[in-house]
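Reader: Could we go through this structure together? I would like to begin with the overall fold and then turn to the contacts between chains.

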Amino acid sequence: MTMKGFALALGCAMLLPAIASADCVGVTAGDLTISKAWSRVTIGTQRPAVFYVEIRNAGKTDDRLIGIETPIAGMPMLHQTVIQDGVAAMPHAEAVDVPAGKTISLEPGGYHGMLMELTTALSEGQTFPITLTFEKAGAVEIDTLVLPMRAQEAQCDGAS
Amino acid sequence: MSLRTIRLALWGLVIVAAGAIAAQQWVGREKTTETFRPDFALQDGNGQTYTMADFRGKFSLVFFGFTNCPDVCPTTMSEVAQVMDDLGEKADRVQPLFISIDPERDRRQGLTEYVAAFHPAILGLAGNDAATKDAADSFKVHFAREKDSSAPNGYTMSHSPGLFLIGPDGEWLRQFTYETPAAEIRAEIEERI
Ligand SMILES: [Cu+2]
């Protein structure tokens, strides 16, 4: 193996763990820590994909998630699953409150990012960037990991 | 005959009649819970028509949903898939069914491959609008198509997210509410097998 080849291999080896845990690594914006961003595999591009994430507000002021954007979807939106009188619906959510000192989640059965008009199908293990816009903290980008169809939560193996 | 006797006799009749009505309602109630057999006639991806009679001898796990539903539906389908995996050899006694409440779009986008992505045992069924309505009515499931500019194709579906357990004779056994853990569903089925 040449020196250059060795350096390249080493570089790749160091990059891999970072990719594998991309959903769990948190990014920060002011007092906010955003982590555990994940999505599910899609079959083709016709159906919407989903986006889940955890947001911790360590500060003393309330903030609000007011929008999401991603290059992989032409129409990304915040939705909330509501089950009322035994009927489930998922209306558009104007914003998701992130109160001071609290951790909130976009998770199955609650809020979710609805990624419509996909520009690419999502396959397992792939990551894609999502930009979350907060009323006070501004815009933050996070890598979202695509998990299997049957995933129910971020797979972090205790890491966060 | 005194007026008092007549009055007493009339009251007696009222009591007897009320009793009879109550008894009838009680019997009627017992009868419907015992023999409630929801049914449908819907097609799989190959156009083959199925009714509940096709699943006699097996327990059926029936879910009504639509494939453009990225949150509630995958959660339930994942639980069903987990139940099938955990049942091991007993899994062949159980038939999971996904009935589309958005049949036209689901057929166009491929219902068969969608349900197969969760578990190969799940059978996806989609009929025409009338047959879909009949199926939902029979299972006492509510669904509605709602205009929504924040949804794909400008509409979304609201629906009952429950999972229904039907017995080997087609008899209604129970409903599992949304987010019932797979272990609980499996335990209930194993107990009945
Ligand atoms: Cu949604």
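This is a predicted model: local features need pLDDT of at least 70, side-chain atom pairs count only at pLDDT 80 or more; totals for chains, interfaces and linings use all residues.

Reader: How many helices and strands does chain A have?

Author: Chain A has one helix and 12 strands.

Reader: Let us take a single residue. Where does A:T144 lie?

Author: A:T144 belongs to strand 12 of chain A, which covers residues 138–147.

Reader: Is A:T144 buried or exposed?

Author: A:T144 has a relative accessible area of 0%, so it counts as buried; the cut-off for that class is under 20%.

Reader: Which residues is A:T144 in contact with, leaving aside neighbours within four places in sequence?

Author: On that basis, A:T144 is in contact with A:A37, A:W38, A:S39, A:F51, A:Q126, A:T127, A:F128 and A:I130.

Reader: What about A:P76, and which strand holds it?

Author: A:P76 sits in strand 5 of chain A, residues 73–80.

Reader: Why does A:P76 count as buried?

Author: Its relative accessible area is 18%, and buried means under 20%. A:P76 is therefore classed as buried.

Reader: Which residues does A:P76 touch beyond four places in sequence?

Author: With those neighbours left aside, the contacts of A:P76 are A:I68, A:E69, A:T70, A:M114 and A:L115.

Reader: Now the interface. How many residues of each chain are in contact?

Author: There are 34 residues of chain B in contact with 29 residues of chain A. The two chains bury about 2,400 Å² between them, and 56% of that area is on carbon and sulfur atoms. On the side of chain B, the residues that lose the most area to chain A are B:P70, B:D71 and B:S150, which together make up 26% of what that side buries.

Reader: How many salt bridges cross the interface of chain B and chain A?

Author: The rule finds one salt bridge there. In a salt bridge, the side chain of B:D85 meets that of A:R150, with 2.9 Å from N to O. Polar contact across the interface of chain B and chain A involves 14 residue pairs, both residues being at pLDDT 80 or more.

Reader: Which elements of chain B give two or more residues to that side?

Author: They are helix 2 (72–87), helix 4 (111–116) and strand 7 (155–159) of chain B. Helix 2 gives the most, with eight residues. By class, the side of chain B that touches chain A has 14 nonpolar, 15 polar and five charged residues.

Reader: A last topic: how many disulfides does the structure hold?

Author: Over all chains, the structure holds one disulfide. The bond joins B:C69 to B:C73, with 2.3 Å from S to S. The link of B:C69 and B:C73 is right-handed, with 100° about the S-S bond.

Reader: Are these two cysteines, B:C69 and B:C73, buried or exposed?

Author: Both B:C69 and B:C73 are buried.

Notes. Residues are numbered from 1 along each chain as its sequence is written. Chains are lettered from A and ligands numbered from 1 in the order in which they are written. Side-chain values use heavy atoms; hydrogens and water are left out. A disulfide is a pair of cysteine sulfur atoms within 2.5 Å. Buried means under 20% relative accessible area, exposed over 50%, partly exposed in between (1.4 Å probe, protein chains only). Contact means heavy atoms within 4.5 Å. Buried area is the accessible area (1.4 Å probe) that two parts lose on being put together, summed over both. A salt bridge is a side-chain nitrogen of Lys or Arg within 4 Å of a carboxyl oxygen of Asp or Glu. A polar contact is a pair of N or O atoms within 3.5 Å; within protein, one must be able to donate a hydrogen and the other to accept it, and residues adjacent in sequence count only if both atoms are side-chain atoms. Helices (H or I, at least four residues) and strands (E, at least two) are DSSP runs, numbered from the N terminus. Ala, Val, Leu, Ile, Met, Phe, Trp, Tyr, Cys and Pro count as nonpolar, Asp, Glu, Lys and Arg as charged, and the others, Gly among them, as polar.
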